[in-house]
Amino acid sequence: RCALASSQTAAQNQPIVVVFDDAAKTLQAQSGTQFYNFTDVSISNVAISGNAGTVSLGIDRSSLGIVWQQYAAEKTTIEYGQCQNSAAPSADH
């Protein structure tokens, strides 16, 4: 689970859930009711990153710091946050 703070409104935290699978090289996220399946996923011992349409995600594995970028025609929104490690999701999710 991660909490994001917008660079424009740092006081507002937005919870997101990020799930990655080292073996399958998959990365997914849920922000509210939005689900993201990332492509061009790179998972190493140092970092995890991927793209999903107009969103890119990067996670530093040592600190679990996160960068979430959302692209629009006139504006790019960058949010920073912190994740906490949790157990693998159950098989029914």
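Which strand is the place of Asp40? Asp40 sits in strand E5, which covers residues 39-43. Welcome to a quick tour of this predicted model, whose protein chain has nine strands and zero helices.

**Overall make-up**
- Reading from the N terminus, the elements follow the order β-β-β-β-β-β-β-β-β.
- The protein chain holds 93 residues, and 27% of them are buried.
- Its accessible surface is about 6100 Å², with 51% belonging to carbon and sulfur atoms.
- Of the contacts between residues at least 6 apart in sequence, 23% join residues at least 24 apart.

**The nonpolar core**
- The largest nonpolar core is built from 15 residues, and those with the most contacts inside it are Val18, Tyr36, Phe38, Leu57, Ile66 and Trp68.
- Two or more residues each come from strands E2 (13-21), E3 (26-31), E6 (47-52), E7 (55-60) and E8 (65-71).
- E7 supplies the largest share of this core, with three residues.
- Beyond its neighbours within four places in sequence, Tyr36 is in contact with Leu27, Gln28, Ala29, Ser31, Ala52, Val55, Trp68 and Gln70.

**Aromatic rings**
- Three aromatic pairs turn up in the whole structure.
- One of them is the edge-to-face pair of Tyr36 and Trp68, at 5.2 Å centre to centre with 80° between the planes.
- This pair links distant parts of the chain, as Tyr36 belongs to strand E4 (residues 34-37) and Trp68 to strand E8, 32 residues apart.
- Both partners are buried: Tyr36 has 11% relative accessibility, and Trp68 has a relative accessible area of 2%.
- Trp68 also pairs with Phe38; the ring centres are 6.2 Å apart and the planes stand at 85°, so this pair is edge-to-face.
- Phe38 lies in the loop between E4 and E5 while Trp68 is in strand E8, so the pair ties together parts 30 residues apart in sequence.
- Phe38 counts as buried too, because its relative accessibility is 7%, under the 20% cut-off.
- Taken together, ring pairs join Tyr36, Phe38 and Trp68 into a cluster.

**Positive phi angles**
- Back to Asp40: its phi is near 50°, a positive value in a residue other than glycine.
- Asp40 counts as exposed because its relative accessibility is 62%, and the cut-off for exposed is over 50%.
- Leu64 is another residue other than glycine with a positive phi, here near 60°.
- Leu64 lies in the loop between E7 and E8 and is partly exposed, with a relative accessible area of 23%.

Terms used: Residues numbered from 1 in each chain as written. Predicted model: local features only at pLDDT ≥ 70, side-chain atom pairs only at ≥ 80, totals over all residues. Heavy atoms only, no water. Core = buried A, V, L, I, M, F, W, Y, C linked by side-chain atoms within 4.5 Å. Buried < 20%, exposed > 50% of the residue type's maximum accessible area, 1.4 Å probe, protein only. Helix = DSSP H or I, 4+ residues; strand = E, 2+ residues; numbered from the N terminus. Contact = heavy atoms within 4.5 Å. Areas by Shrake-Rupley, 256 points an atom, 1.4 Å probe, with all protein chains shown as cover. Phe/Tyr/Trp six-rings, centres within 6.5 Å; stacked < 30°, edge-to-face > 60°.
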